[in-house]
Amino acid sequence: MSQMPTSNVMKDEFGWEVPVESVPLPSRGLIYNPDTVLYNTETLNIKAMTAKEEDILSSQAYMKEGIVIEKLIESCVVDKSICVDDLITGDKNALMVAIRITGYGSDYLVEHKCRNCDNANEVKIDLASLPIIRIKQEPLEPGKNLFEFTLPVTKKVIHYKIPTGKDEREQQLKEKRYKQLGIVKPNAPVTDFLEKIIVSVDGITDRNKITHFVNSMPALDSRKLRMHVSDNEPGIDMSWNYVCSHCQHENDINVPVTTEFFWPST
């Protein structure tokens with residue numbers, strides 16, 4: 001039985017093709033498994049957003065599961081063998097920003113109250129100008145998401161990883177289980193983050209022992225480790241500076257990913 005002929009309908013019938021762009025990966029692929037296509041991959045090709053991706057953004061089911069951005073990236077990445085959950089957060093953010101630009105342009109309007117006079121400013125952010133933060137620290141082994149840092153107070157050697165989409169998903173599932181069981185978990189952003197990234201402490205990998213260490217870690221050790229990770233984590237610099245239209249005060253803000261990001265009003 002012969003195969004039905006295939007064709008590029010958009011090109012052949014309408015004379016137009018969905019654009020494809022190359023997006024630099026902040027990690028440069030240095031920390032991905034050598035058995036995957038992500039290993040040592042400097043860039044990934046994405047296709048521009050279309051009406052199909054707008055359906056993904058509007059999916060109530062995806063919103064409920066908290067996987068809208070993952071499904072959007074999955075739909076736009078050209079190489080379908082790539083698992084979005086394997087990507088570190090910084091690489092995902094780079095792809096997310098690039099995909100948004102292909103769909104609605106680089107202008108992103110947000111409202112921000114001046115920290116000096118409380119005046120509400122409409123701030124226009126140029127997403128295309130947000131700088132990429134390339135990976136600075138080499139992993140302990142090529143193709144392994146594992147880094148080392150020595151704590152200044154306890155002198156313990158920490159091996160840590162950069163969180164991936166899979167790590168984020170596991171955290172969401174854990175929080176969902178707590179909610180289903182009626183357990184009110186106290187807000188603990190510092191210890192939750194440290195538990196998520198720390199792989200071993202002086203060679204100890206037992207998760208219960210690591211949790212105990214994290215809860216008893218000197219504040220300076222905790223702060224220095226978090227600063228080190230923040231300074232070395234690859235991604236997109238999501239900060240922006242603007243001058244207040246009322247008092248001329250300079251404001252530094254973190255670019256918020258609000259509904260306007262993927263559902264611009266203009």
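Analyst: First, a few terms. Helices (H or I, at least four residues) and strands (E, at least two) are DSSP runs, numbered from the N terminus. Contact means heavy atoms within 4.5 Å. Axes are lines fitted to C-alpha atoms, for helices over the stretch in contact, and angles run from 0 to 180 degrees between N-to-C directions. Two strands pair if DSSP finds at least two bridges between them.

This is a predicted model, in which local features need pLDDT of at least 70 and side-chain atom pairs count only at pLDDT 80 or more, while totals for chains, interfaces and linings use all residues. Residues are numbered from 1 along each chain as its sequence is written, and side-chain values use heavy atoms, without hydrogens and water.

Now the sheet. It is open and has three strands, ordered β6-β7-β8, with antiparallel pairing. From one strand to the next, the twist averages 25°.

Look at β7, residues 157–160. Three bridges join β7 to β8 in the antiparallel sense. Tyr160 stands opposite Ile198, a residue of β8. In general, such pairing within a sheet runs through backbone hydrogen bonds.

Next comes the helix. Helix α8, residues 207–216, lies across β7 and β8. Its direction makes an angle of about 85° with β8.

Finally, the setting. The protein chain has ten helices and eleven strands. Its C-alpha atoms fill a box of roughly 65 × 65 × 40 Å along the principal axes. Of its 266 residues, 37% count as buried (under 20% relative accessible area, with a 1.4 Å probe and protein chains only).

Conventions. Buried means under 20% relative accessible area, exposed over 50%, partly exposed in between (1.4 Å probe, protein chains only).
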